[in-house]
Amino acid sequence: MRLTLDSICEVGFGVDPETLSNDLPAVPFANAFDEANRLIIRRYVDILWKVKRALNLGSEARLRRCVQVVNEFIYGVIVERRAEFKETKFHHTERADLLSRFMSVPNQDGQPYSNRDLRDVIINFIIAGRDTTALTLTWLFSMLCKHPMVVKNILKEVSSVLGEQTVKPAQNCAEVDGPLQTSRIESIDNCDETEFANLLTYQALNRMSYLHACITEALRLYPAVPLETKIAVSDDIFPDGTKIKAGNFVSYVPYSMGRLEYIWGPDAMEFKPERWLKDGHFQPQSPFKLTAFQAGPRMCLGKDSAYLQMKITTLLLLKFFSFKLADDCPSKYSMMVVLYMAGGLKTLVTPL
Ligand code: HEM
């Protein structure tokens with residue numbers, strides 16, 4: 001969670017809250033954000049929440065305080081960035097984060113985005129990108145602990161793709177599809193974390209079909225958003241003839257869909273990355289079949305960036321550490337809006 005919070009804040013508004021620094025500091029913004037998430041979920045089961053909100057009592061009073069902490073932090077960043085923008089008139093390409101980009105373009109009415117709009121955009125991205133990516137990594141690592149052969153295969157693929165270390169980091173996007181280039185590093189066996197990370201270019205990661213398959217297989221069995229509900233905006237009829245009225249709630253369950261034998265075959269319940277490969281190459285399936293990122297026009301916007309982050313994180317961890325599930329790690333769900341692992345993933349981590 002600390003890793004994905006730091007990175008989504010960097011992408012979202014160009015600030016690293018450094019929750020992952022060595023002493024693992026308590027970060028008021030992150031704590032308030034987590035607490036607000038938990039308190040909002042309670043509204044599903046607390047029939048009195050509107051009364052509590054009106055009277056500013058109990059969980060709703062706590063929620064209000066958390067929202068205030070989150071708002072103060074984000075509005076602070078927005079105000080600072082506006083001042084910087086006014087002073088330097090930086091071009092959006094100089095600052096690649098979303099906040100700066102939204103700030104340097106007008107909204108649909110030709111007006112600058114308000115502070116509130118900008119806050120909402122940023123919070124949306126944090127909600128969309130933080131827990132989802134962290135939880136997918138959690139479930140993936142629980143699978144890797146249970147399938148040591150899969151770890152071996154991932155490491156074999158890395159060695160083979162990075163080969164005799166003829167890869168060097170791409171300098172810009174134009175290079176990512178270009179030919180591999182020579183670097184100074186002789187062997188990945190001897191390189192340190194920074195050298196290894198530098199070898200994990202977009203181009204190299206794209207060639208790692210097996211790793212891509214492992215992450216996709218984890219998403220099939222453990223979709224970070226396990227249940228999706230929509231509300232019909234107008235009357236409709238499903239392909240099977242089911243009639244839907246405007247305002248009806250329609251839910252689909254990626255968690256169950258990922259485990260149905262008639263969709264995935266008799267081995268549907270098994271973690272089997274090979275099902276995604278043909279002749280060693282990743283075979284994508286319809287997003288209406290693997291629904292972890294949703295399908296259609298409102299599909300996840302961060303899918304590629306999530307894969308990128310998960311691939312880099314997985315490789316860096318597997319290259320330098322070994323993981324063993326703790327005896328008391330039950331790998332049970334904690335059903336929220338996203339698929340938490342109850343108690344977290346307890347592992348014994350050994351440097352290699
Ligand atoms: C494994 C990681 C991820 C999973 C499983 C995932 C899944 C999803 C799902 C299921 C939705 C549809 C939600 C709905 O409409 O009910 C969604 C939407 C979205 N996701 Fe992701 N997501 C992931 C990572 C990310 C990341 C890293 C970002 C941002 C960098 C991101 C940005 C978004 C945005 C902006 C939307 C809203 C799209 C729209 O409504 O048009 N996601 N994601």
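The charged end of Lys 319 sits over the ring of Phe 196, 5.6 Å from the ring centre; a charge counts as over a ring if NZ of Lys or CZ of Arg is within 6 Å of the ring centre and within 35 degrees of the ring normal. The model is predicted, so that local features need pLDDT of at least 70 and side-chain atom pairs count only at pLDDT 80 or more, while totals for chains, interfaces and linings use all residues. Residues are numbered from 1 along each chain as its sequence is written, and side-chain values use heavy atoms, with hydrogens and water left out.

**Aromatic rings**

- The structure holds 13 aromatic pairs, where rings of Phe, Tyr and Trp (its six-membered ring) pair if their centres lie within 6.5 Å, and planes under 30 degrees apart count as stacked, over 60 as edge-to-face and the rest as tilted.
- One of these pairs joins Tyr 222 and Tyr 333, whose ring centres are 6.4 Å apart and whose planes stand at 55 degrees, so the pair is tilted.
- Tyr 222 belongs to the loop between α10 (209-221) and β1 (228-231) and Tyr 333 to strand β8 (residues 333-335), so this pair ties together parts that are 111 residues apart in sequence; helices (H or I, at least four residues) and strands (E, at least two) are DSSP runs, numbered from the N terminus.
- Tyr 222 is buried, with a relative accessible area of 11%, whereas Tyr 333 counts as partly exposed at 37% relative accessibility; buried means under 20% relative accessible area, exposed over 50%, and partly exposed in between (1.4 Å probe, protein chains only).
- Tyr 333 also pairs with Tyr 255: the ring centres are 5.3 Å apart and the planes at 85 degrees, so the pair is edge-to-face.
- Because Tyr 255 lies in helix α11 (residues 254-257) and Tyr 333 in strand β8, this second pair ties together parts that are 78 residues apart in sequence.
- Tyr 255 is buried, at a relative accessible area of 18%.
- Arg 259 lies over the face of Tyr 222, at 5.1 Å from the ring centre.
- Elsewhere, ring pairs link Phe 13, Phe 29, Phe 33 and Phe 73 into a cluster.

**Surroundings of the ligand**

- The ligand is surrounded by 23 residues, of which the closest are Thr 136, Glu 228, Lys 230, Arg 298 and Cys 300; a residue is near a molecule or strand if one of its heavy atoms lies within 4 Å of it.
- By class, this shell has 13 nonpolar, 7 polar and 3 charged residues, with Ala, Val, Leu, Ile, Met, Phe, Trp, Tyr, Cys and Pro counted as nonpolar, Asp, Glu, Lys and Arg as charged, and the others, Gly among them, as polar.
- α6 (115-146), β1 and α13 (303-320) each supply at least two residues of the shell, and the largest share, 6 residues, comes from α6.
- An oxygen atom of the ligand is 2.6 Å from an N or O atom in the side chain of Glu 228.
- For the side chain of Arg 298, the distance from an N or O atom to an oxygen atom of the ligand is 2.7 Å.
- For the side chain of Lys 230, the corresponding distance from an N or O atom to an oxygen atom of the ligand is 3.1 Å.

**Nonpolar core**

- In the largest nonpolar core, which has 40 residues, Ile 154, Leu 162, Met 208 and Leu 315 touch the most other members; such a core is a set of buried Ala, Val, Leu, Ile, Met, Phe, Trp, Tyr and Cys residues joined through side-chain atoms within 4.5 Å.
- α6, α7 (148-162), α8 (193-199), α9 (202-206), α10, α13 and β9 (339-341) each supply at least two residues of this core.
- The largest share of the core, 7 residues, comes from α10.

**Individual residues**

- Thr 132 has its place in helix α6 and is buried, with a relative accessible area of 17%.
- The side chain of Thr 132 reaches the backbone oxygen of Ala 128 at 2.6 Å.
- Arg 43, in the loop between α2 (28-42) and α3 (49-55), is partly exposed, with a relative accessible area of 25%.
- The C-alpha atoms of Arg 43 and Glu 60 are separated by 9.1 Å, and the two residues are 17 apart along the chain.

**Positive phi values**

- Most residues other than glycine have a negative phi.
- Leu 24, a residue other than glycine, has a positive phi near 40 degrees; Leu 24 is in the loop between α1 (2-13) and α2 and is partly exposed, with a relative accessible area of 47%.
- Gln 294 likewise has a positive phi, near 65 degrees; Gln 294 is in the loop between β6 (281-282) and α13 and is buried, with a relative accessible area of 10%.

Methods:
A polar contact is a pair of N or O atoms within 3.5 Å; within protein, one must be able to donate a hydrogen and the other to accept it, and residues adjacent in sequence count only if both atoms are side-chain atoms.
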